[in-house]
Amino acid sequence: MPDFVKDADWLDWDPNPTKPKFILPPGAVDAHCHVFGPGDQFPFAPERKYTPCDASKNQLFALRDFLGFEKNVIVQATCHGTDNAAMVDAIRHSNGKARGIATVSNDVSHSELSDMHEAGVRGVRFNYVKRLVDPEPDAYYHQIVEKIAPLGWHVVVYFEAADLAERWNFFTSLKTTVVVDHMGRPDVTKDVNGPEFALFLRLMQEHDNFWSKVTCPERLSSTGPDGYDDVVPFAKKVVDLFPDRVLSGTDWPHPNLKGHMPDDGKLVDFIERVATSEELRRKLLVDNPNRLYWKD
Ligand code: 0GY
């Protein structure tokens, strides 16, 4: 088995997070997290743009229990390309407490999809972040959608705010549920009421098949981990406007972070600042993810 060496500037996940002050409600779902390898068991993809540290299913499940989540949605990370084996192994060993989002190519077979469905996969991710992948033409993704829609799966899209206008026609042509990662990665140094974030809000407003993860303050913030203050107005606005179409998650093990590695306990505390009533927190953490990922 290959012996992978993580990137020289790779920041490892925090093995000793603090206990969150915010007590998660029963049934809470961490709807955005990943597993990496372990590389000697589940090799990283040759076409990957980064080589991470290992982050195994058992380490993820231990974090879930420590933070007080009940379940996980494990999103295929680009370092594994279209080989979903590590993610599928994790959801298969979760006792029904994890569902998955896969990355597939347009020639994926119906039997591969059906095996993944049986394991607990409920969607595919289209990644447009150029430092992570080389995006394919729209036709390629349409071919995938035709194959996954009959299974009741949805599409997760990851893109940078500056690329939304270019992707608009393709995104709005999708008839499945579409979940946007990290609010479309807004530049939070800009005005929350400015034109860039307004375009993302318009996408959500005009297309009620769109959902958003209000995730990744650690990735978006320029003020840093002390509350991630600059991200709060953006995430709060999305939760307030679209309470039935939002999801939360840790993004553990936090791929490609530069600068600081977050304390996952503090990321849980962030949730209380963006979902400011018990009802909003129940929708964000329990009702919405269970409706989307555990409907069958
Ligand atoms: C994320 C963020 C990133 C990476 C990936 O699949 C991935 O490699 O998702 C990132 O580097 O922005 O959403 O977890």
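**Cavities, strands and a helix**

Guide: Happy to. The structure holds three cavities of 30 Å³ or more. Keep in mind that this is a predicted model.

Visitor: How much space lies in the largest cavity?

Guide: The largest cavity has about 110 Å³ of space. It is lined by 15 residues, and those closest to its centre are His-34, Arg-125, Leu-132, Tyr-158 and Pro-255.

Visitor: And how do the residues of that lining divide into nonpolar, polar and charged?

Guide: For the largest cavity, five are nonpolar, six are polar and four are charged.

Visitor: What about the second largest cavity, how much space is there?

Guide: About 70 Å³. Here 13 residues form the lining, with Val-214, Ser-248, Gly-249, Phe-270 and Ile-271 the closest to the centre.

Visitor: Which helices each supply at least two residues of that lining?

Guide: Helix H7 (217-220) and helix H9 (264-274) do. H9 gives the most, with four residues.

Visitor: How many nonpolar, polar and charged residues are in this second lining?

Guide: The lining of the second largest cavity has eight nonpolar residues, four polar ones and one charged.

Visitor: Switching to strands now. Is E4 mostly covered or mostly open?

Guide: Mostly covered: seven of the seven residues in E4 are buried.

Visitor: Which strands does E4 pair with?

Guide: Strand E3 (residues 98-102) pairs with E4 in the parallel sense, over three bridges. There, Ile-101 stands opposite Gly-123 of E4. E4 also pairs with E5, again in the parallel sense, over five bridges. One of the residues involved is Phe-126, whose bridge partner in E5 is Val-157.

Visitor: Last topic: which residues are buried in helix H5?

Guide: H5 spans residues 164-173, and its buried residues are Leu-164, Arg-167, Trp-168, Phe-170 and Phe-171.

Visitor: Great, thanks for the tour!

Definitions and conventions. Residues are numbered from 1 along each chain as its sequence is written. This is a predicted model: local features need pLDDT of at least 70, side-chain atom pairs count only at pLDDT 80 or more; totals for chains, interfaces and linings use all residues. Side-chain values use heavy atoms; hydrogens and water are left out. Buried means under 20% relative accessible area, exposed over 50%, partly exposed in between (1.4 Å probe, protein chains only). On a 1 Å grid over the protein atoms alone, a cavity is a set of points where a 1.4 Å probe fits but cannot get out, and a pocket is an open set with protein on both sides within 12 Å along at least five of seven lines; lining residues have an atom within 4 Å of a point. Grid points are joined across faces, edges and corners, and a volume is the space filled by probe spheres set on the points. Ala, Val, Leu, Ile, Met, Phe, Trp, Tyr, Cys and Pro count as nonpolar, Asp, Glu, Lys and Arg as charged, and the others, Gly among them, as polar. Two strands pair if DSSP finds at least two bridges between them.
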